[in-house]
Amino acid sequence: MGLSAREVSLNILYDILINEAFSNISIKKYLDEENLIHMEENLVREIVYGVLENDIYIEYIISKASKIKLKKIHPKILIILKMGIYQLIFMDRIPESAAVNESVNLAKKHGHKGTISFVNGILRNIIRNKEEFIKIEKKNKADYISIKYSHPKWMVERWIKEFGEDFTEDLCKKNNESPELNIRVNTLKTNKEKLKNSLNNYGFKVRDSIYAFDSLIVENPTKITEVLEFKQGHFFIQDESSTLVGQIMNPNQGSTIIDICSAPGGKSTHLGQIMNNKGKILSMDIYQHKLRLVEENAERLGINIIQTAISDGTKMEESLINVGDYVLVDAPCSGLGLIRRKPEIKRNRKEEDIKELVNIQYKILSNAKEYLKVGGILIYSTCTIEKDENSNIINRFLEENKNFRLVSIENRLHNKENIETLKDGYIQLFSHIHNTDGFYIAKLTKER
Ligand SMILES: C[S@@+](CC[C@H](N)C(=O)[O-])C[C@H]1O[C@@H](n2cnc3c(N)ncnc32)[C@H](O)[C@@H]1O
């Protein structure tokens, strides 16, 4: 007999929390292995994402309920407890008895007599005094936000300093809500209306996105990659924010584009689409295995003007100097704009990483400027909301390169709702304001 939904959830969470696996990859791997019915797959996703989103809060509850310190609890038993508490506190549709019994069954399989009564005791204690356990006794707002919305303290403090308390609370709250899936219509093969109709016929609920011309939002996307239109390359899964990069660059047909950090090819393939598959795109990345994804995606989408090349963007490629009509730096970044989709970022990302990333980003940008022809367009983008990785980088770059300036992107968005910086040549998107991933895009030109 195959594994139960909760056993699969335990394996996935162990993989993510202990082996630092990525949630999307681990979930796919385990769900592909087990043949769970649709409802059970949904339960797995709900428990896995729920525990990851609320990890700090759940640990806070355990620390109040357990005499044994968190670090002393066996990792598997701790995850079983977390899953049990998530079901008890955050899920309405699971009866308390089921949450306890299923957790005790898991403890029987993975622990011993002592751990069984430990799990049983803690969960029953929480049921008896729920209100007491969920109460957050913190006077300091940063501590409160950190526990309530399970974001590490350094992140909350950084954001409070940057954006203020209310903004940070709204952002952290939104980060724990499940995002909708966005797809980009491949206009080389179909159009928005045609694709909408086909997807509606399968029962998918689809609506237009706000800012991007070629994006659609799918409200019930389960198994969308199994439809014929996906296999035939009629669409690509890509957040609206990321689709705006190509839209803002808006390259002319026949141009030469250098995409320095291109894998898995979301933006390169979109640029190929905008250029009507005419011109040349050099898609580079530091990882060979990731470049294979660029090639696979280009093939599925019917784009043949992409040439891939392995290259470290921090090192100068002399052969590319003055070659690009357009250069894209979609830089490696802290990913703090993607927490809704990858909640494990909250746990794995460390504050010290940001400094290191800024160095890499600036080095890549400094090489990128050499690859651009005079009069060409340079786009810098990230999926983060950190000022150090975004506007601070661009301001420093402009300070040190007087031959570059920001270019207005006023007519490049379908809608201007809540965006006031279009004229200034950049945008910073936030999940709780724009309902997209947190994302930064700046458009610059080389004047001489
Ligand atoms: C934000 S992702 C790019 C996403 C891609 N542009 C897309 O739209 O699908 C950043 C990429 O930078 C690559 N990368 C990291 N360090 C790099 C470096 N030093 N040089 C070139 N690429 C690098 C990573 O492998 C990753 O694929």
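**Entry 1: a loop serine**

I began with S150, which I found in the loop between α9 (141-148) and α10 (153-163); helices (H or I, at least four residues) and strands (E, at least two) are DSSP runs, numbered from the N terminus. The phi of S150 is near 50°, a positive value in a residue other than glycine. Is S150 buried or exposed? I noted S150 as buried because 23 other C-beta atoms lie within 10 Å. My scale is this: a residue is buried if 20 or more other C-beta atoms lie within 10 Å of its own, exposed if 12 or fewer, and partly exposed in between, with C-beta atoms placed from the backbone.

**Entry 2: ground rules**

I am reading a predicted model, in which local features need pLDDT of at least 70, side-chain atom pairs count only at pLDDT 80 or more, and totals for chains, interfaces and linings use all residues. Residues are numbered from 1 along each chain as its sequence is written.

**Entry 3: domains**

I wrote down domain 1 (5-135), domain 2 (181-237) and domain 3 (242-446); these bounds come from an automatic or database domain assignment. Between the C-alpha centres of domain 2 and domain 3 I read 24 Å. Their contact takes 13 residues from domain 2 and 16 residues from domain 3, where two residues are in contact if their C-beta atoms, placed from the backbone, lie within 7 Å. On the side of domain 2 that touches domain 3, I found six nonpolar, four polar and three charged residues. For these classes, Ala, Val, Leu, Ile, Met, Phe, Trp, Tyr, Cys and Pro count as nonpolar, Asp, Glu, Lys and Arg as charged, and the others, Gly among them, as polar.

I also checked the UniProt record, an unreviewed entry, which places the feature "domain: SAM-dependent MTase RsmB/NOP-type" at residues 171-447. UniProt positions are given in the numbering used here, feature names are shortened, and annotations may be inferred rather than shown by experiment. Over residues 171-447 the chain is 33% helix and 23% strand, and the end C-alpha atoms are 38 Å apart.

Helix α3 (residues 38-53) has 16 residues. From its first C-alpha to its last, α3 reaches 22 Å, close to the 22 Å expected at 1.5 Å a residue; the expected span is 1.5 Å times one less than the number of residues. Among the buried residues of α3 I listed L43, V44, I47 and V48. What covers the buried residues of α3? I found that the cover includes α1 (5-17), α2 (23-33), α4 (55-65) and α5 (75-90).

Then I turned to α14 (residues 240-249), which is mostly covered: ten of its ten residues are buried. N250 follows α14 and has a positive phi, near 50°.

**Entry 4: the ligand**

How many residues surround the ligand? I noted 19, and the closest are C261, G266, K267, G313 and D330; a residue is near a molecule or strand if its C-beta atom, placed from the backbone, lies within 6 Å of it. The shell divides into eight nonpolar, six polar and five charged residues.

**Entry 5: C383**

The UniProt entry, unreviewed, puts the feature "active site" at C383. I located C383 in the loop between β9 (372-382) and α19 (391-400). C383 is buried, because 24 other C-beta atoms lie within 10 Å. Leaving out residues up to four places away in sequence, C383 touches C333, G335, G337, L338, D437, G438 and F439.

**Entry 6: a cis bond and its surroundings**

A cis peptide bond joins A263 and P264, with omega about 5°. P264 sits in the loop between β5 (256-259) and α15 (266-274). N297 is found in helix α16 (residues 288-301) and counts as buried because it has 20 C-beta neighbours inside 10 Å.

**Entry 7: last loops**

N276 lies in the loop between α15 and β6 (280-285). Although N276 is not a glycine, it has a positive phi of about 60°. With 13 C-beta neighbours inside 10 Å, N276 counts as partly exposed.

L188 has 17 C-beta neighbours inside 10 Å, so I marked it partly exposed. Aside from neighbours within four places in sequence, L188 is in contact with Q273, N277 and G302.
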